[in-house]
Amino acid sequence: MKDTNSITQEFLSLYDNLAPTLFPHSLYKVTQREKALDLVQETFTSTWEYLASGREVMHLKAFIYRTANNLIIDEY
């Protein structure tokens with residue numbers, strides 16, 4: 001099991017790497033800039049809450065994209 005600090009650093013690194021690609025993906029789907037930004041933020045917030053509850057994810061990048069796509073579907 002990883003310590004909290006390493007999980008936090010890994011998550012922040014993942015945010016830095018994925019947010020720039022997740023935004024255009026979301027924007028393409030919802031076509032509104034502000035809504036796409038909100039979806040990206042909500043994606044990472046939901047993912048963090050999921051991880052903070054003690055659950056583990058094997059493929060975090062895939063999990064984040066699945067979360068984003070589910071939020072986009074919910075938007076429609």
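Which backbone oxygen does the side chain of Thr-67 reach? The side chain of Thr-67 reaches the backbone oxygen of Phe-63, at 2.8 Å, a polar contact (a pair of N or O atoms within 3.5 Å; within protein, one must be able to donate a hydrogen and the other to accept it, and residues adjacent in sequence count only if both atoms are side-chain atoms). Please keep in mind that this is a predicted model, in which local features need pLDDT of at least 70, side-chain atom pairs count only at pLDDT 80 or more, and totals for chains, interfaces and linings use all residues. Residues are numbered from 1 along each chain as its sequence is written, and side-chain values use heavy atoms, with hydrogens and water left out.

**The core**

- The largest nonpolar core has 17 residues; such a core is a set of buried Ala, Val, Leu, Ile, Met, Phe, Trp, Tyr and Cys residues joined through side-chain atoms within 4.5 Å.
- Helix 1, helix 2 and helix 3 (60-75) are the elements that give two or more residues to this core, and helix 1 supplies the largest share, seven residues.
- Helices here are DSSP runs (H or I, at least four residues), numbered from the N terminus.
- Leu-22, Val-40, Phe-44 and Ile-64 have the most contacts inside the core.
- Leu-22 touches Val-40, Thr-43, Phe-44, Ile-64, Tyr-65 and Ala-68, not counting residues up to four places away in sequence; contact means heavy atoms within 4.5 Å.

**Leu-18 in helix 1**

- Leu-18 sits in helix 1 (residues 4-30) and is buried, with a relative accessible area of 5%.
- Buried means under 20% relative accessible area and exposed means over 50%, with partly exposed in between (1.4 Å probe, protein chains only).
- Beyond its neighbours within four places in sequence, Leu-18 is in contact with Phe-44, Lys-61, Ile-64 and Tyr-65.
- Leu-18 and Ile-64 are 46 residues apart in sequence, yet 8.8 Å apart in space, C-alpha to C-alpha.

**Helix 2 and its threonines**

- Helix 2 (residues 33-52) has 20 residues and reaches 29 Å from first C-alpha to last, close to the 28 Å expected at 1.5 Å a residue; the expected span is 1.5 Å times one less than the number of residues.
- Its buried residues are Ala-36, Leu-39, Val-40, Thr-43, Phe-44, Thr-47 and Leu-51.
- They cover an arc of only 125° around the axis, which puts them on the same side of helix 2; the arc is that of the directions from the helix axis to the C-beta atoms.
- Glu-34, Glu-49 and Ala-52 are exposed on the face turned away from that buried side.
- Thr-43 is buried at 0% relative accessible area and touches Leu-22, Ile-64, Thr-67, Ala-68 and Leu-71, not counting residues up to four places away in sequence.
- Thr-47 is also buried, at 0% relative accessibility.
- Just after helix 2, Gly-54 takes a positive phi of about 100°.

**Helix 3 and Thr-67**

- Leu-60, Ile-64, Thr-67, Ala-68, Leu-71 and Ile-72 are the buried residues of helix 3.
- Seen down the axis, these residues fall within an arc of 135°, so they line one face of helix 3.
- The face turned away from the buried side carries the exposed residues Arg-66 and Ile-73.
- Thr-67 is buried, with a relative accessible area of 14%, and touches Thr-43, Ser-46 and Thr-47, not counting residues up to four places away in sequence.
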